[in-house]
Amino acid sequence: MKELLRTNDITVIAYAQALLQGEGIATFEMDVHMSILDGSLGILPRRLMVRDSDLFLARSVLRDNDIDLGQ
């Protein structure tokens with residue numbers, strides 16, 4: 001799996017997952033439970049992962065919808 005997106009904004013993660021699901025791209029969200037360690041303040045970013053073979057298409061989908069990938 002490859003990292004597609006890293007953000008503290010949970011709405012961006014949800015939006016990206018919805019877009020990718022619509023394209024048939026499976027995602028996995030990492031670091032979801034890390035908020036317990038930071039007191040649920042949202043300081044630690046979450047990562048959205050995709051399969052290696054889906055990375056190019058997933059990046060294209062998110063860029064087309066103006067989601068900053070930080071790259």
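Is aspartate 54 buried or exposed? At 14% relative accessibility, this residue counts as buried (buried is under 20% relative accessible area, exposed over 50% and partly exposed in between, with a 1.4 Å probe and protein chains only). The model is a predicted one, in which local features need pLDDT of at least 70, side-chain atom pairs count only at pLDDT 80 or more, and totals for chains, interfaces and linings use all residues. Residues are numbered from 1 along each chain as its sequence is written, and side-chain values use heavy atoms, with hydrogens and water left out.

Now for the overall layout. The protein has two helices and three strands, taken as DSSP runs numbered from the N terminus (helices are H or I, at least four residues; strands are E, at least two). Along the sequence they come in the pattern β-α-β-β-α. Of the 71 residues, 30% count as buried.

The three strands make an open sheet in the order 1-3-2, with antiparallel pairing; two strands pair if DSSP finds at least two bridges between them. Strand 1 (2–7) and strand 2 (27–30) stand at the edges with a single partner strand each, so one side of each has no neighbour in the sheet. From one strand to the next, the twist averages 25 degrees. Strands 1 and 3 run antiparallel and are joined by five bridges; glutamate 3, for one, has methionine 49 in strand 3 as its bridge partner.

As for the helices, helix 1 lies across strand 1, strand 2 and strand 3 and runs at about 10 degrees to strand 3. Axes here are lines fitted to C-alpha atoms, for helices over the stretch in contact, and angles run from 0 to 180 degrees between N-to-C directions. Helix 2 also packs on the sheet, touching strand 1 and strand 3, and its direction makes about 30 degrees with that of strand 1.

Glutamine 17 sits in helix 1 (residues 10–22) and is partly exposed, at a relative accessible area of 24%. Neighbours within four places in sequence aside, glutamine 17 is in contact (heavy atoms within 4.5 Å) with Thr27, Glu29 and Leu48. Its C-alpha atom is separated by 9.7 Å from that of leucine 62, 45 residues apart along the chain.

Back to aspartate 54, which is found in the loop between strand 3 (46–50) and helix 2 (55–64). Its side chain is joined to that of arginine 51 by a polar contact of 2.9 Å. Such a contact is a pair of N or O atoms within 3.5 Å; within protein, one must be able to donate a hydrogen and the other to accept it, and residues adjacent in sequence count only if both atoms are side-chain atoms. Beyond neighbours within four places in sequence, aspartate 54 is in contact with Ile25 and Ala26.
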